[in-house]
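Dear colleague,

I am handing over the structure below, and my notes on what was found in it follow directly after.

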Amino acid sequence: MVKVSVILPVYGVAEYIEKCTLSLLAQTLDDMEFIFVDDHGPDDSIDIAKRTIAGHPREEQFRFMKPEHNLGAGMARNFAIPHAQGQYIAFVDSDDWVDPTMFEELYNQAVANGTTDLCCCQMQKVYPDGKIGGVLENPQVGNGLITAEKKRFLLTHYVSLFASFIYKKEFVTDNDIRFAEDRAADDSYFVSCAWMTAKDIAYVNKPFYKYLIRPGSVCTTKDSTKYEKRISVFDKLLAYSKKHGIYADFKEEIDFMYIKKGYLSSVTNYITNSTDPQKATFNRIYESFLKQVPDYCTNRYYRKNKSVRLLVFMLRHTPDLAIRVVRFWAKKNNVIS
């Protein structure tokens with residue numbers, strides 16, 4: 001039985017793919033498969049991966065798939081999900097790498113008391129010069145059943161560390177969880193759907209996953225229109241929550257998620273990616289937001305969060321100041337949305 005299937009979209013990572021592949025070959029969990037999706041990249045990344053595994057005892061655990069045309073990372077993962085044979089599925093970006101015991105420890109913790117829907121670890125930021133950055137952590141609610149109260153906490157505090165999880169495949173397929181087709185925030189969409197629908201969770205509090213911060217990666221490439229895709233993704237997330245009967249029970253939490261990640265993150269994205277942000281664009285983003293969450297001013301999480309309220313106020317009434325504040329924050333935190 002395949003215990004964990006690891007899915008990797010591969011595009012333009014010739015400089016990094018060998019290190020990533022070696023970290024998969026070094027996994028201490030025996031019953032695994034690794035699905036590399038060749039997304040029509042411009043270099044020989046796939047050839048490098050194949051040479052790296054050639055003759056290795058685990059070579060037969062590696063599968064290579066190629067869609068008809070370039071899909072982008074999220075849709076490439078979707079392409080592979082139906083083909084995964086593992087009890088759990090996981091995702092690794094092909095310029096990152098993982099510690100040898102990551103999947104063994106996550107799997108063992110996931111099945112320690114039955115089979116949990118999700119099991120996650122922490123992520124460690126690393127830089128091309130070898131510098132070690134901070135640890136990125138998922139919100140903690142303890143192992144076991146996710147009660148309504150715990151879910152409220154998760155939905156209002158989670159971060160989009162999708163690659164720090166293993167997901168029970170049956171859970172993913174039964175709840176129709178996929179990456180959004182928009183090439184922005186598709187990982188946020190996937191994780192949000194998982195948090196909304198998961199019934200139980202387990203944790204291993206170690207930074208197994210090494211997340212490379214590099215120039216030219218999707219998350220560090222400027223695109224002044226990316227905010228439009230973020231809005232589209234979070235519109236779809238609201239629709240998903242309503243379709244699956246989740247919104248009615250967690251309306252305030254999901255609305256607050258939209259305030260932060262749909263509205264404010266979209267505006268921040270626009271400011272940090274544009275050389276000359278326009279007030280008219282701020283207004284269009286706000287009007288789009290207002291259609292989705294017309295009663296946001298009465299949201300209890302919004303009312304309690306002074307920072308969020310202040311930023312919304314500045315964007316509406318003093319946009320020039322909001323631009324300066326957002327750019328200062330982005331520079332201080334080395335952020336390109």
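Tyr-88 stands opposite Lys-168 in strand 10, strands being DSSP runs of E of at least two residues, numbered from the N terminus. This is a predicted model, in which local features need pLDDT of at least 70 and side-chain atom pairs count only at pLDDT 80 or more, while totals for chains, interfaces and linings use all residues. Residues are numbered from 1 along each chain as its sequence is written, and side-chain values use heavy atoms, with hydrogens and water left out.

Strand 4 (residues 88-91) pairs with strand 10 in the antiparallel sense over three bridges, where pairing requires that DSSP finds at least two bridges between the strands. Strand 6 (residues 118-120) also pairs with strand 10 in the antiparallel sense, over three bridges, and Leu-118 has Tyr-167 as its bridge partner there. Strand 10 (residues 165-168) is covered on both faces, with Phe-165 and Tyr-167 on one side and Ile-166 and Lys-168 on the other, all of them buried (under 20% relative accessible area, with a 1.4 Å probe and protein chains only).

The largest cavity holds about 30 Å³, and its lining includes Cys-120, Glu-137 and Tyr-203.

With best regards

Note on methods:
1 Å grid on protein atoms, 1.4 Å probe; cavity = no way out; pocket = protein on both sides within 12 Å on 5 of 7 lines; lining within 4 Å. Points joined across faces, edges and corners; volume = space filled by probe spheres on them. Buried < 20%, exposed > 50% of the residue type's maximum accessible area, 1.4 Å probe, protein only. Helix = DSSP H or I, 4+ residues; strand = E, 2+ residues; numbered from the N terminus.
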